[in-house]
Amino acid sequence: MSKEIIGLAKFGEKKYMEELLKGTLFLNTVNSFKKIENDYRGDVNEGLSDLIQPEYAALQFQLPPSLGGDFIHLDKDHGLAGAIKIHDIDYTNTNIYSLYMIYPDESFSVDDKVLQFGESMVFIYNPKEFLDRVTNKLKELSLSFKCGPVHYLDEKSYQGQMSIFDKFSKYNYQNEYRIHVINKEDAPLFLNIGNISDIAKILPSDIMKYISIKNY
């Protein structure tokens with residue numbers, strides 16, 4: 001882990017959290033997260049490869065002959081109102097598993113929006129062991145993967161390349177740690193890493209509101 005993490009949490013319905021405690025992980029596709037309409041779980045911008053701000057961009061296209069065939073030019077002074085977002089189709093058939101990070105910083109606090117993910121959570125108090133079990137299973141299945149914290153970028157000012165570990169800053173309250181798996185099909189992926197009750201427990205989600213970090 002590139003950032004010190006003292007705990008990980010997964011939020012959801014209790015029945016699904018019970019399955020996680022038994023060791024079953026459900027990795028949905030990047031494509032599915034782009035289609036989810038609720039703003040706290042879905043993100044239409046998943047899988048971006050580049051973000052080009054309007055002051056650095058220009059578009060030109062030609063209307064079909066039936067509409068006159070004229071060329072249309074767009075730039076920041078002529079109708080280009082926002083950034084150009086380029087999606088990487090190579091991310092479409094890949095899977096992600098998201099967890100909430102808890103890190104040792106006295107400024108750490110939990111946004112109430114986090115609780116919208118579900119009424120229950122699995123609190124993983126040995127994150128290194130958990131991630132070791134996940135990565136060992138992925139290696140056993142000969143699946144390519146990468147793990148790490150998500151980086152949050154300003155959608156209004158950032159210019160450049162993006163990866164599957166980049167999201168816009170409106171989602172920074174998610175404190176996301178992501179496991180990204182390369183899959184050959186646009187389908188969910190199930191992993192079973194064995195019972196994790198020795199390193200995790202199920203708790204009500206609203207307990208997170210009372211977490212505070214003290215450094216001694």
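Start by selecting Lys167 and Tyr171: Lys167 lies over the face of Tyr171, 4.5 Å from the ring centre. A charge counts as sitting over a ring if NZ of Lys or CZ of Arg is within 6 Å of the ring centre and within 35 degrees of the ring normal. Now pick Lys113 and Tyr173, where Lys113 lies over the ring face at 4.6 Å from its centre.

A quick note on what's on your screen: this is a predicted model, where local features need pLDDT of at least 70 and side-chain atom pairs count only at pLDDT 80 or more, while totals for chains, interfaces and linings use all residues. Residues are numbered from 1 along each chain as its sequence is written, and side-chain values use heavy atoms, with hydrogens and water left out.

Switch to cartoon view. You're looking at three helices and 15 strands; helices (H or I, at least four residues) and strands (E, at least two) are DSSP runs, numbered from the N terminus.

Next, click Glu176, in strand 13 (residues 176–182). Is Glu176 buried or exposed? Glu176 is buried, at 3% relative accessibility; buried means under 20% relative accessible area, exposed over 50%, partly exposed in between (1.4 Å probe, protein chains only). Leaving aside neighbours within four places in sequence, its contacts (heavy atoms within 4.5 Å) include Ser98, Met101, Tyr152 and Lys167.

Time for some rings. There are four aromatic pairs in the structure. Rings of Phe, Tyr and Trp (its six-membered ring) pair if their centres lie within 6.5 Å; planes under 30 degrees apart count as stacked, over 60 as edge-to-face and the rest as tilted. Select Phe11 and Tyr100: their ring centres are 6.0 Å apart and their planes at 85°, so this pair is edge-to-face. Phe11 is in strand 1 (residues 7–12) and Tyr100 in strand 7, 89 residues apart. Phe11 is buried at 7% relative accessible area, and Tyr100 is buried at 3%.

The rings of Phe11 and Phe117 have centres 6.5 Å apart and planes at 35°, so they are tilted. Phe11, Tyr100 and Phe117 form one aromatic cluster.

Now colour strand 2 (residues 24–29), which runs antiparallel to strand 14 (residues 189–192), with four bridges joining them. Strands pair if DSSP finds at least two bridges between them. Find Leu25, opposite Leu191 in strand 14, then Thr29, whose bridge partner in strand 7 is Asn95.

Last stop: helix 3, residues 127–140. Its buried residues include Phe130, Leu131 and Val134. Just after helix 3, look for Ser142, with a positive phi of about 60°.

Definitions and conventions. The expected span of a helix is 1.5 Å times one less than its number of residues.
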